[in-house]
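Please read them with the structure open beside you.

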Amino acid sequence: MRSTLILLIILAAQSVSAVAVPANVRNLYNRVKTSTCTGTDKLKGGFYDQDNGQAKWSYCQTSVASKAIFLQGPSTLANMDIDCDGDLSNPVDGRCGSSDDTQGETRWKAEVQVASNRKIKDLNANIHPYVVFGNERDDGGATFDPRSFGVRPLSVMAVVCGDKLIYGVWGDTNGDDGPPLVGEASLSLATACFGKSMNGNNGHDGTDVLYIAFPGDDAVPGSSANWTATNFQQFEDSITALGNRLIQRIT
């Protein structure tokens, strides 16, 4: 009985630490959710959160100093579609199998190979928490390149979903297979946010997710990240210290 009680206490403590969102990040979340960015804070607009939606989402920044860049709709945040691109040689549980638009590689495949010293060939959506951020296309639709504002490939990003703060990396971009969409993350990140009901064809439709990117070379974990991790937790643990430093920029 005593051992069971101790175990329950430990699990409760772990649960509390897993959902803690610092006050400065929560304040940003609340501001973004109840406002619309304009002027110099609006970097680029004209994006959709779903195929049959409206082009009312924008890439915004917290200040002209570009301490952080985030997605914002009209007094709302973004949803979370599921990305299963990349290396799926280790499918874990098969939930990416339902995706009907999986690509065999992510945008930063070459950078992943360099960062991992060629130990992995690409990100694995089942393992690596990554965000699809930026829009690249050749058909005249809205585009946005975060690199133009100092965000580096594979840099650490923060994602606030409900009462959880999750760290991932900028791992892919939105392409031209439909309208210029925003609001997408790897299956492992989506699972950390919303549980195992997430799969390759079932994301989170609520516009209540805050994606935050951080400009600067110091936001890139490089070889210090555990690219060869075998599960989400191992990888997130390896970038958490850097993520904790980066969110201190938010005021």
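1. A disulfide is taken here as a pair of cysteine sulfur atoms within 2.5 Å. The model is a predicted one, and by this rule the count comes to three disulfides. When the bonded cysteines are numbered in sequence order, they pair as 1-2, 3-4, 5-6.

2. Cys37 is joined to Cys60, with an S to S distance of 1.9 Å, and this link is left-handed, with -45 degrees about the S-S bond. Because Cys37 lies in the loop between helix H2 (23–33) and strand E1 (42–47), while Cys60 belongs to strand E2 (residues 57–61), the pair ties together parts that are 23 residues apart in sequence. Both Cys37 and Cys60 are buried.

3. The sulfur atoms of Cys84 and Cys96 are 2.0 Å apart and form a disulfide; the torsion about this S-S bond is about -85 degrees, so the disulfide is left-handed. Cys84 and Cys96 are each placed in the loop between strand E4 (78–83) and helix H3 (109–115), 12 residues apart. Cys84 counts as buried at 1% relative accessibility, and Cys96 is buried with a relative accessible area of 8%.

4. Cys161 and Cys193 are joined by a disulfide with an S to S distance of 2.1 Å, and the link is left-handed, with -80 degrees about the S-S bond. This pair links distant parts of the chain, since Cys161 sits in strand E6 (residues 156–161) and Cys193 in helix H4 (residues 187–194), 32 residues apart. Cys161 counts as buried at 2% relative accessibility, as does Cys193 at 8%.

How values were computed: Residues numbered from 1 in each chain as written. Predicted model: local features only at pLDDT ≥ 70, side-chain atom pairs only at ≥ 80, totals over all residues. Heavy atoms only, no water. Helix = DSSP H or I, 4+ residues; strand = E, 2+ residues; numbered from the N terminus. Buried < 20%, exposed > 50% of the residue type's maximum accessible area, 1.4 Å probe, protein only.
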